[in-house]
Structures are given as structure tokens and as C-alpha cells.
Amino acid sequence: MRSFSSSAVNVALLAANVAAFPHLAMDGLTAPLAADVAYKQLLQRQSTTNPQGGAPLPLTPPPFDAASQLINVAGAHAFTAPGSGDARGECPGLNALANHNYLPHNGIATIDQFVSATTEVFGMGADLALFLATYGAVVDGSGTSWSISGGPHVGIGGSHGNYETDSSPLKGDLYQYGSNSKLILEQFHELYDMQPDAATANYNLDVLRTFRNQRFQESIDKNPLFVYGPFAGMLVSQAAFTFIYRFMANHSAEYPEGVLNKDVLKSFMSISGPETNLVWTPGHEQIPNNWYRRNTADAYTIPYFNTDLLYFTASNPQLALVGCNEGKVDTYQHIDAATLSNGAYTAAQAAANPICFATEFALAELPGLTGLSLLSGLLGSLTSALGSVTKNLGCKAIGSVNTTALALCPGFTLYGGPTAAVAPGVIQS
Ligand code: HEM
């Protein structure tokens, strides 16, 4: 208040001075006016909503270093559209990395390549990158590498139920649209239209949390075979939403937390054209020019993701419970975490620690899922990557899982996709 009244006084004095000494108006007297305008602009900026919305982290604005955060999209890293033999799939982040040759252009890469590309280009924490890449390679690939598209046991596209899942942001549910990698324009519009003014648009965590809840309810209402499983649902599917702001936002000295505007969102999601006629081109996800990733001092690690996950579940406790439709739309039932974990976790404990429950569940389920022995080298790399996460978070182990309760869910599978028959009774947008 003090600043506003003193600036009002300044403006009044300035007006009086200009009237008395018109020849001074263009030099000395305009300086306080310019300072006043700049000050008001600053106040206005400071009073606008925090760019990241109400999300708890970062506690203080992270550093911004233009030289290290600008991502090279020229020369060897210029956008190159995928050819007919190149794999592109559900994940826009990995598709963009392959299109800019930060991952092999054919879309098939090793664990090390996934870790280097996601940490260098997006500022993903090394813990999160290793966790995601190792899971993909062991459960959905050869053990050491995998495809960003592919089918069962060779890529994300075929991982329906264990990695790829329902109620994703923009890609359709597998049994609702017959594809898990097709972008549904109505879903894109749902998100896009949440920020009507292009000048101030920012798809931050608040916006994405609202969108996440809408998409969850939409799968209940439209997909009779909707499954929200312990790992792919409770954990991976939240990441698909938080990653949109946390990894795609553009950073600047003014907004070191990042702002995700309409053009940047469109570029990363391979959408072009005017608002009234948006077009999706499969697999053409592009890193925009003049795009600055998050600072590595503020890398998006597993504990960071955990905070975002709890921010989401606080708005909708259902996100922290396993469940599914029972073959018809709107027949959603929860499945008790205590049953699934043979009593290791109560529902309340799982809801309070979703990463722990999901990761411990995956660890206990892996030998059955992969058919590999816990002692084998391949499974060993995964158990050690997942085990270091659960150890750091102090998670309680799940000795054995009981998946019989999932028989309630006719849509439950461990592998499937990238295409499938559309289920009877679905509603498409
Ligand atoms: C090694 C690292 C990564 C792995 C293994 C991975 C894997 C996946 C998987 C399995 C899905 C399917 C999830 C679902 O069905 O909802 C997915 C979707 C998604 N991923 Fe990634 N991802 C990685 C990195 C990234 C990065 C760096 C970004 C952002 C730049 C990103 C953004 C997304 C988004 C937005 C979706 C949802 C797509 C949609 O429905 O519109 N991912 N990813």
C-alpha cells in the first residue's frame, strides 16, 4: 500500500511539474515516471500467481543459467522427422529426444542412453532416469535396451498394464480407442482450453492436477475395462501428468521455475495449426527453439516427484487407491492395498506412501511378471535400481503379492498393445 500511495503522489507531482515546466517533460522529469511504471510492472509481476501454481517445490526460486540450460536444436540436434522404420510411441518426451538425435533416431536405446538423454536435455534426476529406464529395459525390453514404441516384451507400446496405462493425459485408453499411442484431440482440447488467454497461459501443476482428475473420472465414465493398477496407475500415470509441466516448461531469469505456454505445449505434443483447427502429426514431437530446460541444481528427482504425487493425491484420494471398472462403465471398485500386499500395507499406509507401495509392489511382483529369477543378472539390475529408491524413502517391504484380487478387473493384463480391439460398451469422446 505504501508503495502505491507514494507512486500516486509521484504521478501527481510529476503532472504538476510538467504543467509548470513543459520543457523539462522529456528529460529529467520522465525518469521518475519511467521508474514508476517499471516499479508498477514489477509489483504486478510479483502479485501474479506463482508460475508453478500451488505445488510445494521448489521452496525458493531455483537458479537460472542461460548457457547451461539452453538446449541445442541445431546441427546434429536439428529436428529430423521419423522415417518409416523409426519407432515413436506414447511418450512425447522420448519421441522428442529421438527426433533431435539425443536418443538413437530409430527409437531403440540402451539404459545408459536413456539416462544420459533425459538428464542432459530435460534435467531429470539421475535416480528417476535410472529407475524408469531400467524398468523399461528389464520388464519391457531385452534387459539392456528397449524401444520407445514396439510390442509386448520389446517396447513401451506393448507394456499395457505394467508400464503404459489408462487415463493418460492425451493418448487414448487402449480398449477405448483400440490404440494406446493415438493422441485424442478432444483430450488435448480439454487441457489446452483450460488456459484460454495465450498471453498468460501456463500449464502448471495446478492446471495439470485438475486435468488429471478429469481424465481419471473420464476413464471411469467411458472405458468399461479401465484399470488403475498399483505400479502403472498409482505411480507411472501420475508422472505422465507432472512431467508435462516439470519437463516441458521453458525457463528464464524471470521465471526460473518455468512457464509452459501454448506454443511450447503444442510443439512438445506434436500439435500444429490454429486453435480452431488443431492437427496432430504422429511422432513429430519437437523441442522448441530458444527452449531452456530446468536447472540441474533443481533436477526432478524421485523425492521431488513424490512431493508432486502427494500434491495430486491430496486433491483426490482415489489416485492413491488401486481400482478398476468391472466390465461396464461407471462400475469402479477399489481394491484393498492390504489384500494386494498380503497385509504388508494397509490402504491408509499405501495412500500415505504411494511411491513406496507401488515400487515395493513392483519389486515383489517382478519375478512373476518377467519370469526371471531374482538372482539373475538382469533382474538384479532392476531390483538394485528400485531397491535404492525404496531404501532412500525408507519403504516397508512387501514380501509377496496377491494378484488374485485383480481378477475383479476384466481389463487387467500384464502386457498388451500398442493396438487392440475396442471393447464393447465404450464411449469415445
Ligand atoms: C526414461 C525416461 C522415460 C520413460 C521410461 C518414460 C515412459 C513413459 C511411459 C511408459 C508412458 C506411458 C504412461 C501412460 O500410459 O500414461 C509415458 C507417457 C508420457 N511421458 Fe514419458 N517416459 C520417460 C521420460 C519422459 C520425459 C523426459 C517426458 C517429458 C519431457 C515424458 C513425458 C511423458 C508424457 C507427457 C506422457 C503422457 C503422454 C500422453 O498421454 O499424452 N516422459 N512415458
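Student: Is Tyr 304 buried or exposed?
Tutor: Tyr 304 has 6% relative accessibility, so it counts as buried. Buried means under 20% relative accessible area, exposed over 50%, and partly exposed in between, with a 1.4 Å probe and protein chains only. This is a predicted model: local features need pLDDT of at least 70, side-chain atom pairs count only at pLDDT 80 or more, and totals for chains, interfaces and linings use all residues. Residues are numbered from 1 along each chain as its sequence is written, and side-chain values use heavy atoms, with hydrogens and water left out.

Student: What about Tyr 300, buried or exposed?
Tutor: Buried, because its relative accessibility is 0%.

Student: How many aromatic pairs does the structure hold?
Tutor: It holds 25. Take Phe 216 and Tyr 332: their ring centres are 5.6 Å apart and the planes sit at 75 degrees, so this pair is edge-to-face. The pair links distant parts of the chain, 116 residues apart. Phe 216 is in helix H9 (residues 205–222), while Tyr 332 is in the loop between strand E6 (322–324) and strand E7 (333–335). Helices (H or I, at least four residues) and strands (E, at least two) are DSSP runs, numbered from the N terminus.

Student: New topic. What does the protein give the iron?
Tutor: A single donor, Cys 91 (SG), 2.3 Å from the iron atom of the ligand. Donors are N, O and S atoms within 2.8 Å of the metal (3.2 Å for Na, K and Ca); water is not among the atoms, so sites may look incomplete.

Student: Where does Cys 91 lie?
Tutor: In the loop between helix H3 (66–69) and helix H4 (92–99). Asn 95 has its place in H4. Asn 95 is buried, with a relative accessible area of 0%.

Student: What is Asn 95 in contact with?
Tutor: Leaving aside neighbours within four places in sequence, Asn 95 is in contact with Arg 88, Gly 89, Ile 148, Gly 283 and Glu 285. Contact means heavy atoms within 4.5 Å.

Student: On to H16. Which of its residues are buried?
Tutor: Leu 379, Leu 382, Thr 383, Ala 385, Leu 386, Val 389 and Thr 390. Seen down the axis of H16, the buried residues fall within an arc of 160 degrees, so they line one face of the helix. The arc is that of the directions from the helix axis to the C-beta atoms.

Student: What covers them?
Tutor: The cover includes helix H6 (126–140), helix H12 (302–315) and H15.

Student: And which exposed residues are on the face turned away?
Tutor: Gly 377, Lys 391 and Asn 392.

Student: Why is H15 called largely enclosed?
Tutor: Because 13 of the 17 residues of H15 are buried.

Methods
Phe/Tyr/Trp six-rings, centres within 6.5 Å; stacked < 30°, edge-to-face > 60°.
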